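This report is meant for a reader who is meeting the structure for the first time. It begins with the whole chain and then turns to single residues.

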Amino acid sequence: MKAVFHHSNDDSDLHERVVNNVANLLDDDTVDVEAVALVANSGGLALLTTDSPQRETVEALQERGVSFRQCRNTIEGKGLTEDDLIDGVELVSSGVGELARLQDEGYAYLKP
C-alpha cells in the first residue's frame, strides 16, 4: 500500500495528530506499507518549518522513509524560502497537483 496524507490546517493540535497518524500507519503490522508521503499546503506549512514543535517527530519519520512535500505556492505566498523548511522536505510546484499526481500513482488519500 502507498498512502499520502494531506495536511492543510494551521491548528497546532492537528499538526501533532497528523504525524501521530503517520506513525500509527507505519506501526500497524496488519498493513503492508510500501510508501508514505505527507503533502502540506496552506496552514500545514507550520508543521514543516525549522521552528515546528513537531520537528523531531518529522525528522524521525523521515528516517523511517516518510517523504514530506511542501507546496511551493504556499511557501512563496508566506515570503519564506526552502531554508525555512526542515532538511529533507521537498518543495513541489503545487500541493493539489502533487496530491493528484500521487493518487494517480495509486496512493491512498488520507486527510486526518
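The text below describes the overall build, then the salt bridges, and then a few individual residues.

This is a predicted model, in which local features need pLDDT of at least 70 and side-chain atom pairs count only at pLDDT 80 or more, while totals for chains, interfaces and linings use all residues. Residues are numbered from 1 along each chain as its sequence is written, and side-chain values use heavy atoms, with hydrogens and water left out.

## Overall build

The protein has four helices and five strands, where helices (H or I, at least four residues) and strands (E, at least two) are DSSP runs numbered from the N terminus. Read from the N terminus on, the elements follow the order β-α-β-α-β-α-β-α-β. The radius of gyration is 13 Å, close to the 13 Å that the globule rule gives for 112 residues, so the protein is as compact as a globular protein of that length; the radius is taken over C-alpha atoms, and the rule is 2.2 Å times the number of residues to the power 0.38. Along the principal axes, the C-alpha atoms fill a box of roughly 40 × 30 × 20 Å.

Of the 112 residues, 43% are buried, a word that here means under 20% relative accessible area, with exposed meaning over 50% and partly exposed in between (1.4 Å probe, protein chains only). The accessible surface comes to about 5900 Å², and 41% of this belongs to carbon and sulfur atoms; such areas come from the Shrake-Rupley method with a 1.4 Å probe, and for residues only the protein chains shown count as cover. Among contacts (heavy atoms within 4.5 Å) between residues at least 6 apart in sequence, 70% join residues at least 24 apart.

The protein carries 9 positive and 22 negative side chains, and the centres of the two sets lie 4 Å apart. In this count Lys and Arg are positive and Asp and Glu negative, with His and the chain ends not counted, and each charge is placed at NZ of Lys, CZ of Arg, CG of Asp or CD of Glu.

## Salt bridges

How many salt bridges does a search of the whole structure find? The search finds six, a salt bridge being a side-chain nitrogen of Lys or Arg within 4 Å of a carboxyl oxygen of Asp or Glu. The table gives some of them.

| Pair | N to O distance |
|---|---|
| Aspartate 27 and arginine 64 | 2.7 Å |
| Glutamate 90 and arginine 69 | 3.8 Å |
| Arginine 69 and glutamate 98 | 2.5 Å |

The side chains of aspartate 27 and arginine 64 meet in a salt bridge. Because aspartate 27 lies in helix H1 (residues 12–27) and arginine 64 in the loop between helix H2 (55–63) and strand E3 (67–71), this pair ties together parts that are 37 residues apart in sequence. Aspartate 27 is partly exposed at 45% relative accessibility, and arginine 64 is partly exposed at 43%.

Glutamate 90 and arginine 69 also form a salt bridge; glutamate 90 lies in strand E4 (residues 90–92) and arginine 69 in strand E3, so the pair ties together parts that are 21 residues apart in sequence. Glutamate 90 is partly exposed, at 39%, whereas arginine 69 is buried, at 11%.

Arginine 69 forms a further salt bridge with glutamate 98, and this pair links distant parts of the chain, with glutamate 98 in helix H4 (residues 95–104), 29 residues apart from arginine 69. Both arginine 69 and glutamate 98 are buried. Through salt bridges that share partners, Arg69, Glu90, Glu98, Arg101 and Glu105 are joined into one network.

## Individual residues

Not counting residues up to four places away in sequence, arginine 69 touches several others, among them Leu38, Val39, Leu48, Val92 and Leu102.

Leucine 91 sits in strand E4 and is buried at 14% relative accessibility. With neighbours within four places left aside, leucine 91 is in contact with Gln70, Arg72, Ile75, Glu82 and Leu85. Its C-alpha atom is separated by 9.6 Å from that of valine 39, which is 52 residues away along the chain.

Threonine 74 belongs to helix H3 (residues 72–77) and is buried at 14% relative accessibility. Beyond residues up to four places away in sequence, threonine 74 touches Asn41, Ser42 and Leu45. Serine 42 lies in the loop between strand E2 (35–40) and H2, is partly exposed at 42%, and has a positive phi of about 50 degrees although it is not a glycine.
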